[in-house]
Amino acid sequence: MKKSSENGFKVLIMTICILLVVALVTAGNSTVNGLFTGFILTPLQRVAADVAGNAEQAVQPPEDAEQLAQENSKLKEDNRKLNDMLVDYYDLKKENEELYKFYNIKKENQDFALVPSTVISRDPNENFYGFVLDKGSANGIELNDPVMTENGLAGYVSEVSLRSCKVTAILSPAAQVGAVDKKSEDEGVITGDPEYSDSGTVIMKNISAQNDIKTGDIVVTSGYGGMYPKNIKIGTVSKIAYDSFTGMPMALVKPFEDVRDITSAAIVTNFSGKGEIEEYTEESSDSKESKKSKSD
């Protein structure tokens, strides 16, 4: 603004100087003086007046400058509010998507008390892909609570703090889940094994030597022990193998949920039969074998 004003005054001064010089030269000649006044001086005077007016206008700030500043400030504030609203929208959208994923679980299992949660960290030294969720004792989480996704069982809560909890995944040998083959009704225990965990596979051990398990069969939780609800999906049988130490048969099971890269899960804080220990006995085994024989 200041530079523009200085330029205007310089032009004005130069114009006045030119007028003085021409006036001195033509002072003795009235004819020339008339021509000068009519054709040269008058337009120059107009130019000088315009220059002076522009210079004055440049010096004075626009009348609505303050109004423009206020409007600009308001626009900035509105933009900030819109950004805040957009952040809230994305948070709500994510929350709704997570709740919707577990809607069918709740619909199919009315007795379940679910706490949706998000994976907030993973221990790089964890060999069996455990993870930490953003819910803890303040949310009613307790040790040994089952953890699942819309696809199936993921593990159980092994450590609890006020605002978070650590989950031991089903790929860990520490996981011992009572399981049953839905088709053959053969029962066993699902657990992790160092030989298979990196490929995202678990094993089903403690199964009968006369089992009827087949590749492709679906395996679910049996409910024995009261730690896991009954009929939670685990995975499908990918292969029948034999334990290299005991020689006993076992089934390799590919979980429906790949716990190695999940980002959210639901913690089951309560369910029908929680804590009720239903032991697997020889009597129940004989009864099942009897039913098989009759069906054969």
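Modeller: Among the contacts in the protein chain with a separation of 6 or more, 58% are between residues 24 or more positions apart, a contact being heavy atoms within 4.5 Å. This is a predicted model, in which local features need pLDDT of at least 70 and side-chain atom pairs count only at pLDDT 80 or more, while totals for chains, interfaces and linings use all residues. Residues are numbered from 1 along each chain as its sequence is written, and side-chain values use heavy atoms, with hydrogens and water left out.

The chain holds five helices and twelve strands; helices (H or I, at least four residues) and strands (E, at least two) are DSSP runs, numbered from the N terminus. Four of the five residues of β5 are buried, so the strand is largely enclosed by the rest of the structure; buried here means under 20% relative accessible area, with a 1.4 Å probe and protein chains only.

Two strands count as paired if DSSP finds at least two bridges between them. On one count, β4 and β5 run antiparallel and are joined by five bridges, with Tyr156 having Thr168 as its bridge partner in β5. A hairpin through four residues also joins β4 to β5. Strand β2 (residues 131-133) runs antiparallel to β5 as well, joined to β5 by three bridges, and here Phe131 has Val167 as its partner.

Leaving aside neighbours within four places in sequence, Ser164 is in contact with Ile120, Val132, Leu133, Asp134, Lys135 and Gly136. Of these, Ile120 is 44 residues from Ser164 in sequence, yet their C-alpha atoms are 8.8 Å apart in space. The side chain of Ser164 also makes a polar contact, at 2.8 Å, with the side chain of Ser161; such a contact is a pair of N or O atoms within 3.5 Å, of which, within protein, one must be able to donate a hydrogen and the other to accept it, and residues adjacent in sequence count only if both atoms are side-chain atoms.

Key: Buried means under 20% relative accessible area, exposed over 50%, partly exposed in between (1.4 Å probe, protein chains only).
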